[in-house]
Amino acid sequence: MDIKIFVCCHKPIEVPQHPLLVPLQVGAALSKERFPGFLYDDTGDNISDKNRSYCELTGQYWAWKNVEADYYGFFHYRRYLYPSLLAKRPYRIEKGPAPEVLDRLRFADVEWLIPNHDLILPKGENMYVSVQEHYNNAPFHHQKDLELIKEILRQQHPEYKTAMNAYLNSTICYFGNIFIMRREQFQNYCNWLFPLLKEFDRRADVAGYSVQDQRVDGYLAERLLGIYASAHRTELQVAEWPRVHFEKNSIHRYGQQVMIFLLSPGSYRRAKVKQWLIPKLREDRKYG
């Protein structure tokens, strides 16, 4: 079984030695530096020069067009999935992907667990507001972009309308554009996803967007992955694994997420901050 899990990196960072992990430099066409020991997303058929808007998706496109495998996985340089069906939280924090950390997270089991599934998603995270409302109010996101991709999806794939509405009206988000898919599903997903984004690029107005705002294709793809999974969940063997975030700084690691809680609409949402944050800080001290 040929399993390749690409670790997408836009800066030179250590990727641990592991038989399944493949370091991949994304946005290589826009960089003056080639990271030693990495593969590069600007070879063969590629969209590497779109990395500012597509983010890690330029690596996904490159793998789709240029790599043969039985399973395709995509992690970020500081966000991995790890196999646990008992985790209560959607993610945990570690300082780095040291071998002892990967051992503790059961990475030795990944190779034989993956073939039991067609699709492995990050564990869904309850944001206490709908996926659509969360997108519309998140920093650097624009409601008009989500409305445009919804229109394009209804036009290109009207059979996805029910799944689209169900997912966007739910409160469970699948973040990060990280996943593991069997070859057939990966091919189907990419054949579905990239034409949607190509049409979005043709019709969207992103004039005046900041550097963060310009990452719009990546933001939209996070929501599209949830729609795709919702549409096919009953016909596939699907698992949800929690994420591990590698963060050296224990002070700011929660800052952005606290701001998301505070900026999201609804008094209930804001009231959850204290209840949510204090146990996280206690657990952070526990794990160092």
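Tutor: Gladly, and keep in mind that this is a predicted model. Let's begin with helix α7, residues 161–169, whose buried residues are Ala-163, Met-164, Tyr-167 and Leu-168.

Student: What puts these residues on the same side of α7?

Tutor: They cover an arc of only 115° around the axis, so they lie on the same side of α7. Thr-162 and Asn-169, on the other side, are exposed.

Student: Which elements do the buried residues of α7 pack against?

Tutor: They pack against α5 (131–137), α6 (143–156), β9 (172–173) and α9 (216–232).

Student: Why are α7 and α9 called oblique to each other?

Tutor: Their axes come within 8 Å and cross at roughly 120°. Roughly perpendicular covers 65 to 115 degrees and roughly antiparallel starts over 145, with the rest counted as oblique, and therefore α7 and α9 are oblique to each other. The crossing is right-handed. Ala-163, Met-164, Tyr-167 and Leu-168 of α7 make the contact with Arg-223, Gly-226, Ile-227, Ser-230 and Ala-231 of α9. By class, that contact has six nonpolar, two polar and one charged residues.

Student: And what makes α2 oblique to α8?

Tutor: Helix α2 (residues 57–66) packs on helix α8 (residues 183–203) at an angle of about 130°, with the axes 11 Å apart. Antiparallel would need an angle over 145 degrees, so α2 is oblique to α8. Here the crossing is left-handed.

Student: Which residues of α2 meet α8?

Tutor: Leu-57, Gln-60, Tyr-61, Ala-63 and Trp-64 do, and their partners in α8 include Phe-186, Tyr-189 and Leu-197.

Definitions and conventions. Residues numbered from 1 in each chain as written. Predicted model: local features only at pLDDT ≥ 70, side-chain atom pairs only at ≥ 80, totals over all residues. Heavy atoms only, no water. Buried < 20%, exposed > 50% of the residue type's maximum accessible area, 1.4 Å probe, protein only. Helix = DSSP H or I, 4+ residues; strand = E, 2+ residues; numbered from the N terminus. Arc of directions from axis to C-beta. Contact = heavy atoms within 4.5 Å. Axes fitted to C-alpha atoms, helices over the stretch in contact; angles between N-to-C directions. Parallel < 35°, antiparallel > 145°, perpendicular 65-115°, else oblique. Left-handed = near helix turned anticlockwise from the far one by under 90°. Nonpolar A, V, L, I, M, F, W, Y, C, P; charged D, E, K, R; others polar.
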